[in-house]
Amino acid sequence: MTVTAAKGFEAAGVAVGLKSTGKPDVAVVVNRGPNKVGAAVFTGNRAKANPILWSEQAIGDGVVEAVVLNSGGANCFTGAFGFQTTHLTAEKAAELLGVSSGDVIVCSTGLIGSGDEVFRAKVLAGVDKGVAALSADGGAAAAEAIMTTDTVSKTAVHSEDGWTIGAMAKGAGMLAPGLATMLVVITTDAVLDAAAADAHLRAATRVSFDRLDSDGCMSTNDQVTLLSSGASGITPDPNGFRAALTAVCVELAEKLQGDAEGASHDITIDVRGAASESDAVEVGRAVARNNLFKAAIFGNDPNWGRVLAAIGTTRAAFDPYDTDVWMNGVRVCTAGGPDAPREDVDLTPRATHLVIDLKSGEAAARILTNDLTHDYVHENSAYSS
């Protein structure tokens with residue numbers, strides 16, 4: 001049931017022709033609960049789509065009544081016309097729901113530069129159709145409607161002590177950190193105030209979506225939104241809720257990694273022995289974005305030299321000649337030199353585990369990435385068509 005697993009929420013996913021396939025392409029999620037609390041994090045890209053510009057303003061008071069999402073067009077770099085489209089989208093939803101347009105979040109995903117008059121008409125028609133189709137069972141349809149190059153919809157649910165978290169996500173390309181790395185809507189019927197929702201969401205995204213670095217390309221439209229209806233009537237233990245929210249975000253991040261465009265390996269990079277968490281993240285990120293390393297994994301080649309070369313580009317505290325590297329459980333490098341033969345490493349499974357021990361401290365971090373494949377290049381060379 002995804003975003004409608006939590007009490008107090010309705011959702012819908014409808015088709016209005018934004019996708020050439022005829023599949024659902026507009027989603028609506030509405031908070032019907034006693035509380036209308038919302039929090040959001042947005043892309044760190046300075047080039048922001050019109051829905052981001054709108055939603056950054058709308059979230060300011062911590063009140064969100066509804067979220068309208070479309071696939072089939074990013075409405076980014078479409079000028080004042082595009083911002084007006086977003087505004088009209090929020091106004092249309094507000095009119096139909098009897099709420100303020102300033103309490104409606106808008107999200108778009110698709111081709112950058114897409115958002116003309118035909119796009120506007122279809123999105124507005126989708127709001128009409130979507131609001132009419134709202135139901136407590138509409139979560140699955142909503143999750144399908146936000147897909148672009150995704151091959152599967154991505155959802156997660158967690159329940160405990162009388163309250164629930166439900167979530168949906170989309171993302172298969174342009175997955176790189178910047179507070180958020182895709183479109184995500186998370187709902188909960190736990191009682192939260194706006195400050196708590198914001199703090200929990202930022203803490204959870206910092207160690208989940210912000211650690212997913214599939215292709216090093218940051219989107220203009222990335223947004224993660226948390227809605228709290230308070231319909232359970234239960235105020236959760238703050239630590240317990242944050243842990244649950246983080247687990248949901250990690251689950252979704254791993255699903256996004258597993259559906260990354262063209263990937264044949266899902267690479268988990270665990271950096272340990274770092275002087276600080278920021279050092280560990282920087283090292284993991286440097287490896288995750290190294291095309292030589294990613295190409296080697298695609299070729300099932302345990303080329304640990306490319307790992308050390310990537311680490312050497314960072315400012316992290318470490319000694320290149322006192323660093324160990326494991327690949328799928330085999331230590332291939334110790335103290336900056338060869339260890340087990342490369343032939344001992346089996347990289348044929350899709351799941352690939354890289355461990356880097358910097359031996360410079362006690363901090364650690366995990367980064368998720370994928371290999372670089374022919375299919376990824378082909379898919380992105382033909383995306384606009």
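## A first look at the fold and its salt bridges

In the protein chain, 80% of the contacts with a separation of 6 or more come from residues 24 or more positions apart, a contact being heavy atoms within 4.5 Å. What you're looking at is a predicted model, where local features need pLDDT of at least 70, side-chain atom pairs count only at pLDDT 80 or more, and totals for chains, interfaces and linings use all residues. Residues are numbered from 1 along each chain as its sequence is written, and side-chain values use heavy atoms, with hydrogens and water left out.

**Overall build**

- The protein chain has 10 helices and 15 strands; these are DSSP runs numbered from the N terminus, with helices being H or I of at least four residues and strands E of at least two.
- A compact globule with 385 residues would have a radius of gyration near 21 Å, and the protein chain agrees at 21 Å (taken over C-alpha atoms; the globule rule is 2.2 Å times the number of residues to the power 0.38).
- Along the principal axes, the C-alpha atoms fill a box of roughly 65 × 50 × 30 Å.
- Of the 385 residues, 56% count as buried (buried is under 20% relative accessible area, exposed over 50%, partly exposed in between, with a 1.4 Å probe and protein chains only).

**Salt bridges across the chain**

- The count comes to 21 salt bridges, each being a side-chain nitrogen of Lys or Arg within 4 Å of a carboxyl oxygen of Asp or Glu.
- Arginine 206 pairs with glutamate 277, with the closest N and O atoms 2.6 Å apart. That links helix 5 (residues 194-206) to helix 7 (residues 277-288), with the partners 71 residues apart.
- Both ends of that pair are partly exposed: arginine 206 at 41% relative accessibility and glutamate 277 at 32%.
- Arginine 289 meets aspartate 213 in another salt bridge (2.7 Å, N to O). Arginine 289 sits in the loop between helix 7 and helix 8 (291-298) and aspartate 213 in the loop between helix 5 and strand 9 (223-228), so the pair ties together parts 76 residues apart in sequence.
- Here arginine 289 is partly exposed at 40%, while aspartate 213 is buried at 0%.

**A salt-bridge network**

- Aspartate 324 forms a salt bridge with lysine 359, their closest N and O atoms being 3.1 Å apart. Aspartate 324 is in strand 11 (residues 324-327), and lysine 359 is 35 residues away in the loop between strand 14 (351-357) and strand 15 (363-370).
- Salt bridges that share partners join Asp322, Asp324, Arg331, Asp339 and Lys359 into one network.
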